[in-house]
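Please look at the arrangement below before reading on, and keep one topic in mind: how the copies of a chain can be related to each other.

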Number of protein chains: 2
Amino acid sequence: MGEKSGLGFDMRMRNIRKNKKEFSGRPVTSQRKLLLSLIKKAGGHISAKELYGRASRKNESISLATVYRTLQLFKELGLVQERRLGQVYCHYEVKESTDHQHLVCRSCGKVTEFESLPIRKLVERVGRDHGFNISKIELYMEGNCQQCNREQDQF
Amino acid sequence: MGEKSGLGFDMRMRNIRKNKKEFSGRPVTSQRKLLLSLIKKAGGHISAKELYGRASRKNESISLATVYRTLQLFKELGLVQERRLGQVYCHYEVKESTDHQHLVCRSCGKVTEFESLPIRKLVERVGRDHGFNISKIELYMEGNCQQCNREQDQF
DNA sequence: TTAGATGCAAATCATTTGCAATGAA
DNA sequence: TTCATTGCAAATGATTTGCATCTAA
């Protein structure tokens with residue numbers, strides 16, 4: 001319900017084709033479309049719980065289990081990347097062509113992305129030197145961001 | 001019970017003084033002594049569950065809650081470091097003067113440590129460039145180790 | 001003697017799973 | 001129609017907590 005779009009026929013067909021491709025033949029359900037669009041809209045990172053919260057506002061009957069199952073699927077399809085930024089729970093982000101790493105603020109939790117080719121090159125070299133066939137590099141720093149530092153200085 | 005040591009008086013006093021210092025004045029219980037020695041003996045990394053298993057063999061009544069509470073305390077005292085190596089659960093290791101990072105094998109779970117000053121310098125620089133006051137750097141790579149690669153090739 | 005530590009069981013929290021009902025193709 | 005997906009509730013697995021009891025100092 002609520003799925004009758006105001007788009008023209010051509011546009012609807014284009015969306016269907018696009019979704020079919022993204023989901024590589026798997027059924028295109030309203031939940032999957034909603035979740036994927038919310039992740040994309042989130043820009044940076046989103047946790048399963050937060051995603052569930054936002055999805056619930058659009059489709060009140062969606063379940064947390066579906067969110068997890070869908071994230072699992074998206075991971076398998078290579079649509080999103082799972083990141084465990086030193087926390088118990090995971091963050092998910094759209095898989096970009098540009099790889100990047102993270103800076104996490106201890107105090108406000110803000111996640112800042114960065115990318116450094118020299119670092120990646122060095123890291124890959126270390127992996128090779130140890131005989132590893134590297135499939136994932138995860139680097140993150142924890143600390144206090146500029147703003148939180150400033151705010152602390154006020155006391 | 002079972003705490004009557006065969007050591008001489010001087011040695012016992014030395015141990016007590018050493019423990020008191022390590023635990024910064026907190027009560028020195030047999031559980032704490034046992035857990036700390038087991039972590040040290042483990043060398044590299046140990047998970048809470050594994051630590052509990054080993055401790056149980058020495059002191060059958062110790063509880064998992066005590067293991068977790070003690071690890072928490074050791075973290076606060078700076079005796080051990082908690083590492084979340086891309087897994088749901090944590091690994092703990094004695095806090096060494098030498099910082100290092102990790103390579104984790106996807107297939108056998110083996111954890112290899114490495115340290116690279118050039119990488120650290122680059123990473124710290126990135127943090128500073130972003131206005132962060134860095135307190136922790138965590139870098140890990142996932143992949144297949146040499147041995148697991150070889151074994152896969154056999155099939 | 002007493003504040004802090006322990007063991008136990010129950011509680012949390014993130015994530016997963018079994019199953020009957022539902023929906024996409 | 002048919003097989004994959006969904007929602008719900010119950011299960012899991014790691015970690016935490018309340019509480020009565022114990023113990024180091």
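## How the two chains are related

The model shown here is predicted. Two copies of a chain are related by a rotation about an axis and a shift along it. Here, chain B is superposed on chain A by a rotation of 179° with 0.1 Å of shift along its axis, and the RMSD is 0.2 Å. That is the relation of a two-fold axis.

Which residue of chain B comes closest to the rotation axis? Of the residues of chain B, this is B:Leu139, whose C-alpha is at 2.0 Å from the axis. The copies meet through the same surface, because 100% of the interface residues of chain B are also interface residues in chain A.

Six strands, in the order E5(A)-E4(A)-E6(A)-E6(B)-E4(B)-E5(B), form an open sheet with mixed pairing. Strand E5 (111–114) of chain A and strand E5 (111–114) of chain B are the edge strands, each of which pairs on one side only. On average, and with direction ignored, neighbouring strands of this sheet are turned by 25° against each other.

Within chain A, strand E4 (residues 101–105) pairs with E5(A) in the antiparallel sense over four bridges, and A:Val104 has A:Val111 in E5(A) as its bridge partner.

## Helices on the sheet

Helix H5 (residues 117–129) of chain A packs on the sheet, where it touches E5 and E6 of chain A as well as E4, E5 and E6 of chain B; the direction of this helix makes about 130° with that of E6(A).

Helix H5 (residues 117–129) of chain B lies across E4, E5 and E6 of chain A together with E5 and E6 of chain B, and runs at about 130° to E6(B).

How values were computed
Residues numbered from 1 in each chain as written. Chains lettered and ligands numbered in written order. Predicted model: local features only at pLDDT ≥ 70, side-chain atom pairs only at ≥ 80, totals over all residues. Heavy atoms only, no water. Least-squares fit on C-alpha atoms with pLDDT ≥ 70 in both. Contact = heavy atoms within 4.5 Å. Pairing = 2+ DSSP bridges. Helix = DSSP H or I, 4+ residues; strand = E, 2+ residues; numbered from the N terminus. Axes fitted to C-alpha atoms, helices over the stretch in contact; angles between N-to-C directions.
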